[in-house]
Amino acid sequence: MRQRVGSMWAPRQAGVPVRMDRTAGGAPRHHPRSRHGLSAEQESVLELQRLAGNSAVTRALEAGRSSGRVTSVDAVEITRQGMAPEMGLQQLREHATNKQSLALTRRSILDEPPMMRPEPADKVKDGYRTKAQKVRSIPEPEIEEWWPKEGFHKLLDGSYLEVDHDWEERLEKGEDEHRDDARLAWEKTWKKVQETINQFADKPGPPEATPEAAKKALWKRYVKALPKDLQPEGDTPSDSKQRDVLSVRPGTFMGWMWEITVVRDTRNYHETTTVARSLSSTKTPPRDASVVGIGKHKDFQIKGPESEALIEEVRKNYTPGRSIIGSKLKDDGTAGNATK
């Protein structure tokens, strides 16, 4: 019987928490820094703490996180949990659609991408100028990881699966790979777009003959500054054209990037099998228990490709309207819970 390292997926619509499959991960995040070495948002948190105490800060951050948005603390929310024997594997599978999963990562994100919107054009001596509205916060992924810890895990049929130290580490690292994939995909899409928008929010562009011409010129400069696969169509600012690229749904570039981590499973990098218990095991199983162990599929790779390399490889294959093979994203902006 084969058993897979698993994960679950589904984008969230505003006000409707829906889980998304797979994991996420990536590089350090950056805010503009003040002369004190802190961002303006971070300094506002410290000021709140000075004026109202730690409890006020906690309430403010919880309110921001519950809305699915970045708060003044700049960190993707990650929950990691090793499941202890003997009931840990059964408890893990309660979160999974595939009840054969050995490990699981579940991720979610509010489907509200950053939008470039011009400020009203100002009349100046030589015409009209405008700049982009600053995007101060964007939704971040929320990620949950589960894997079984070393020991004997009871299965539903009454037998036991032995997870040794090496397999505990492999399964944990596999889920970390999913996490790193999705977080880096988010940084290369929504975070990149936010940063690019804010470059055009610092100061207005050159004067144009009319307010509409000023908006079109800003849009043209903004689109040109983006990587080609993030560039929306059209010659005027349009939320719908931006969503055609950035929404978390099938066929968009964001949908493609968010689901690249699925490739680890369709390539069987996290595929395992059930095998006879290792003769070298020194652990004492429960009395009279039937015990099996974990084996590698022939394509198993943990440690597998680094997230940067995997994303750059698969990113090149994107065609508008196309979805990753194995993706569970749906056209209505949701995805059924699924595991691999």
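Tutor: Welcome! Helices (DSSP runs of H or I, at least four residues) and strands (runs of E, at least two) are numbered from the N terminus. This is a predicted model, in which local features need pLDDT of at least 70 and side-chain atom pairs count only at pLDDT 80 or more, while totals for chains, interfaces and linings use all residues. Residues are numbered from 1 along each chain as its sequence is written, and side-chain values use heavy atoms, leaving out hydrogens and water.

Student: How many helices and strands does the protein chain have?
Tutor: Both kinds of element are present in the protein chain. The count comes to nine helices and 11 strands.

Student: What share of the protein chain's residues count as buried?
Tutor: A residue is buried under 20% relative accessible area, exposed over 50% and partly exposed in between, using a 1.4 Å probe and protein chains only. The protein chain has 340 residues, and the share that counts as buried is 48%.

Student: Among contacts between residues at least 6 apart in sequence, what share joins residues at least 24 apart?
Tutor: Contact here means heavy atoms within 4.5 Å. For the protein chain, the share of such contacts that join residues at least 24 apart is 76%.

Student: In which helix does Trp190 lie?
Tutor: Trp190 is buried, because its relative accessible area is 0%. Beyond its neighbours within four places in sequence, its contacts include Ile109, Pro113, Leu246, Val248 and Met254. Trp190 belongs to helix H4.

Student: How far apart in space are Trp190 and Ile138?
Tutor: Ile138 is among the residues in contact with Trp190. In sequence the two are 52 residues apart. From C-alpha to C-alpha, their separation in space is 7.7 Å.

Student: At what angle do H4 and H9 pack?
Tutor: Axes are lines fitted to C-alpha atoms, for helices over the stretch in contact, with angles from 0 to 180 degrees between N-to-C directions. Helix H4 spans residues 165-199, and its axis is 9 Å from that of H9. Among the contact residues are Asp181 and Leu184 of H4 and Leu310 and Ile311 of H9. The packing angle is about 60°.

Student: Is the crossing of H4 and H9 left-handed or right-handed?
Tutor: Angles under 35 degrees count as roughly parallel, over 145 as roughly antiparallel, 65 to 115 as roughly perpendicular and the rest as oblique. H4 and H9 are therefore oblique to each other. A crossing is left-handed if the near helix is turned anticlockwise from the far one by less than a right angle, and right-handed if clockwise. The crossing of H4 and H9 is right-handed.

Student: How many aromatic pairs does the structure hold?
Tutor: Rings of Phe, Tyr and Trp (its six-membered ring) pair if their centres lie within 6.5 Å; planes under 30 degrees apart count as stacked, over 60 as edge-to-face and the rest as tilted. The number of aromatic pairs in this structure is five.

Student: What kind of pair do Trp219 and Tyr222 form?
Tutor: Both residues are in helix H5 (residues 211-225), and because they are three residues apart they are separated by about one helical turn. Trp219 and Tyr222 are both buried. Their ring centres are 5.9 Å apart and their planes stand at 50°, so the pair is tilted.

Student: Which residue forms one aromatic cluster with Trp219 and Tyr222?
Tutor: Trp219 and Tyr222 already form a pair. The cluster that holds them also includes Phe200.

Student: What is the angle between the planes of Phe253 and Tyr318?
Tutor: Phe253 is in helix H7 (residues 253-258) and Tyr318 is in the segment after helix H9 (307-315), 65 residues apart. Phe253 is buried at 0% relative accessibility, and Tyr318 is buried at 17%. The pair is edge-to-face, with 5.3 Å centre to centre and a plane angle of 65°.

Student: Over the face of which residue does Arg170 lie?
Tutor: A charge sits over a ring if NZ of Lys or CZ of Arg is within 6 Å of the ring centre and within 35 degrees of the ring normal. Lys123 lies this way over Tyr128, at 5.5 Å from the ring centre. Arg170, at 4.7 Å from the ring centre, lies over the face of Trp167.

Student: What is the phi of Asn268?
Tutor: Most residues other than glycine have a negative phi. Asn268 lies in the loop between helix H8 (263-266) and strand E10 (271-276), and at 15% relative accessibility Asn268 is buried. Its phi is positive although Asn268 is not a glycine, at about 65°.
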